[in-house]
Amino acid sequence: MSSLLTSPLVDLDTGAVIAHPAVVDPSGVLRATPLPMVLELPIGVVLSGAGALAPLHEALRRAGRHPREAILLLTGTCREQDRPLLKVGIDGLRSIGYLLGFADTGVAGPSLDLVAGAAPYLLALDPEVVARIPGDHRATAVARAVVTLARGIGAHVMAPGVEREQQAAVMRGLGVRLAHGPLLAPGPDGKVRVPLPIADEPPASAMLGPRVQELLLPAVTLPAEAKAEEAVAAFGHEPTITSVILVDEFQRPTGSLDRSRFLLSIAARYGHALHGSKPARRLADPPRTVPRTTPAVAAMQAAGRDATRVYDDLVVTDELNRCLGIVRISDLIKQLTTRT
């Protein structure tokens, strides 16, 4: 069990770190990180059945992590006669909560029709394809084909091993949103700096402010069936967390827990006794979702539709209504006021 990543997985649109490579300490224990982790898993292991996957589940359990916090990148190929068995294995991993992807897509990985049928969360380009960009138009054509496939099946695309700004620019131009590599490695201060393109917005779009994906923050999520005491622990882990988003097995938001209202309910007389062991959704509000391309002005308008929740975090979703993160109203206000 290893990771294809050598640096954080970064959103090229926002510069936000959305996942970390899995790290195993000298004793062989998987170290927990505050964000999802990416693990490489050979297809052969999946084909070997549930028993071969037991060490993976146990490693996550010992690290105090849930399968929904791990992205499994399947490596290698699959023979035609093994496809039904692979589908059973993938369905089983997905039902547990893992996010699944394929590595080396377009070159050394599985065939594209197998990839399409598996409906993965993530497609990772072959590192050699990325390395040959932008100088080789054939490599660019392969990357474009993978992006087109990903759009058709609702998957994200990742560019591994990005070293130069020109590579990042081409990837962004093709519609690749996720990347990692030396160019995106944290600096001495621990921050990741992404060379962002110069905005080329028409005046009308500029007046509407930046799209919410530019203000995206990682969401703290729990499964829809989580207990209230799990949400209490999540809020207690970090005082800057303003909300916890409940998601289903496909990462679609089903409820939103506002920090102030939720903790007030728990802190009330007999609050913990009444709610602690019960599902957190009993205290949740419907999530206020906005597509990732929503301009800041439109997002503010959406926030103002319910006077009792004006300052609740907005949940940013992708084209399949999956939770990408949150946007805080204070950040929207700051962006819009600095533009006027």
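Let's start with Q251, which is buried because its relative accessible area is 11%; buried means under 20%, exposed over 50%, and partly exposed in between, using a 1.4 Å probe and protein chains only. This is a predicted model, where local features need pLDDT of at least 70, side-chain atom pairs count only at pLDDT 80 or more, and totals for chains, interfaces and linings use all residues. Residues are numbered from 1 along each chain as its sequence is written, and side-chain values use heavy atoms, with hydrogens and water left out.

Back to Q251: you'll find Q251 in the loop between β12 (243-247) and β13 (253-258). Labels like these come from DSSP runs numbered from the N terminus, with helices being H or I runs of at least four residues and strands being E runs of at least two. The phi angle of Q251 is near 65 degrees, a positive value in a residue other than glycine. D104 has a positive phi too, near 55 degrees, and isn't glycine either. D104 sits in strand β7 (residues 99-105), and with a relative accessible area of 22%, D104 is partly exposed.

Now for some helix pairs. Helix α9 (residues 228-237) and helix α10 (residues 259-267) have axes that come within 11 Å and cross at roughly 125 degrees. That angle makes α9 oblique to α10. (Under 35 degrees counts as roughly parallel, over 145 as roughly antiparallel, 65 to 115 as roughly perpendicular, and the rest as oblique. The axes are lines fitted to C-alpha atoms, for helices over the stretch in contact, and angles run from 0 to 180 degrees between N-to-C directions.) Who meets whom here? On the α9 side, A228, A231, V232 and F235 meet R259, F262, L263 and I266 of α10, where contact means heavy atoms within 4.5 Å. Sorted by class, the contact of α9 with α10 has seven nonpolar, no polar and one charged residues. (Ala, Val, Leu, Ile, Met, Phe, Trp, Tyr, Cys and Pro count as nonpolar, Asp, Glu, Lys and Arg as charged, and the others, Gly among them, as polar.)

Next up is helix α6 (residues 137-153) with helix α7 (residues 165-174): their axes come within 10 Å and cross at roughly 40 degrees. So α6 is oblique to α7. T140, A143, R144, V147 and R151 of α6 meet V170, M171 and L174 of α7. This contact of α6 with α7 has five nonpolar, one polar and two charged residues.

Stay around there for R164, in the loop between β9 (156-159) and α7. R164 counts as partly exposed because its relative accessibility is 33%. Leaving aside neighbours within four places in sequence, R164 is in contact with A131, I133, P134 and L183. Two of those partners, I133 and P134, are joined by a cis peptide bond, with omega about 10 degrees. P134 itself is in the loop between α5 (127-131) and α6.

Finally, look inside. A nonpolar core is a set of buried Ala, Val, Leu, Ile, Met, Phe, Trp, Tyr and Cys residues joined through side-chain atoms within 4.5 Å. The largest one has 53 residues, and F102, L125 and M171 touch the most other members. Its largest share, six residues, comes from α6. Apart from this core lies another, of 15 residues, including A296 and V327.
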